[in-house]
Amino acid sequence: MAKSEQTFYEILKLNKDATAAQVSDGFRRLVREHHPDRFKDPVEKSEAESFLKDVTEAYNTLSKQGLREEYDKSL
């Protein structure tokens with residue numbers, strides 16, 4: 001799980017009953033908003049990289065049905 005205290009649904013800003021399309025859309029939206037290449041300041045760039053690691057982990061889990069079911073059981 002991501003190092004933050006948020007659930008993967010909270011990281012992607014989704015409801016627990018989100019569809020696969022909503023998971024993908026949420027992931028793409030956050031990547032566009034927080035992509036490290038958008039920031040010139042090294043601190044902001046580093047924060048964006050860290051955030052995107054959490055976003056990617058959340059997406060990789062919630063976008064695969066079997067992993068999502070296991071994750072949901074662990075909540």
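Biologist: Which residues does Arg 68 touch, not counting residues up to four places away in sequence?

Modeller: This is a predicted model, in which local features need pLDDT of at least 70 and side-chain atom pairs count only at pLDDT 80 or more, while totals for chains, interfaces and linings use all residues. Residues are numbered from 1 along each chain as its sequence is written, and side-chain values use heavy atoms, with hydrogens and water left out. Contact here means heavy atoms within 4.5 Å. With residues up to four places away in sequence set aside, Arg 68 touches Tyr 9, Lys 16, Asp 17, Ala 18, Thr 19, Val 23, Thr 61 and Leu 62.

Biologist: Which side chain of opposite charge is nearest to Arg 68, and how far away is it?

Modeller: Lys and Arg count as positive and Asp and Glu as negative, with His and the chain ends not counted, and a salt bridge needs a side-chain nitrogen of Lys or Arg within 4 Å of a carboxyl oxygen of Asp or Glu. Arg 68 is found in helix 4, residues 65–74, where helices are DSSP runs of H or I with at least four residues, strands are runs of E with at least two, and both are numbered from the N terminus. Arg 68 is buried, a word for under 20% relative accessible area, whereas exposed is over 50% and partly exposed lies in between, with a 1.4 Å probe and protein chains only. Arg 68 has no salt bridge, and its nearest side chain of opposite charge is Asp 72, at 4.1 Å.

Biologist: Which backbone oxygen does the side chain of Arg 68 reach?

Modeller: The term to apply is a polar contact, a pair of N or O atoms within 3.5 Å, where within protein one must be able to donate a hydrogen and the other to accept it, and residues adjacent in sequence count only if both atoms are side-chain atoms. At 3.1 Å, the side chain of Arg 68 reaches the backbone oxygen of Lys 16.

Biologist: What is the angle at which helix 3 and helix 4 pack?

Modeller: Axes are lines fitted to C-alpha atoms, for helices over the stretch in contact, and angles run from 0 to 180 degrees between N-to-C directions. In this pair Asn 60, Thr 61 and Leu 62 of helix 3 meet Leu 67, Arg 68 and Tyr 71 of helix 4. The axes are 6 Å apart and the angle is about 105°. Angles under 35 degrees count as roughly parallel, over 145 as roughly antiparallel, 65 to 115 as roughly perpendicular and the rest as oblique, so helix 3 and helix 4 are roughly perpendicular.

Biologist: Is Leu 14 buried or exposed?

Modeller: Leu 14 lies in the loop between helix 1, residues 8–11, and helix 2. Beyond residues up to four places away in sequence, Leu 14 touches Tyr 9, Gln 22 and Val 23. Because the relative accessible area of Leu 14 is 17%, Leu 14 is buried.

Biologist: What is the relative accessibility of Lys 13?

Modeller: Lys 13 also has its place in the loop between helix 1 and helix 2. Phi of Lys 13 is near 60°, a positive value in a residue other than glycine. Lys 13 counts as exposed, with a relative accessibility of 54%.

Biologist: Which residue forms a salt bridge with Arg 28?

Modeller: By the salt-bridge rule the count comes to 1. The closest N and O atoms are 3.3 Å apart, and the partner of Arg 28 is Asp 25.

Biologist: How many helices and strands are in the protein chain?

Modeller: From the N terminus on, the elements run α-α-α-α. Of the 75 residues, 31% count as buried. The chain has 4 helices and 0 strands.
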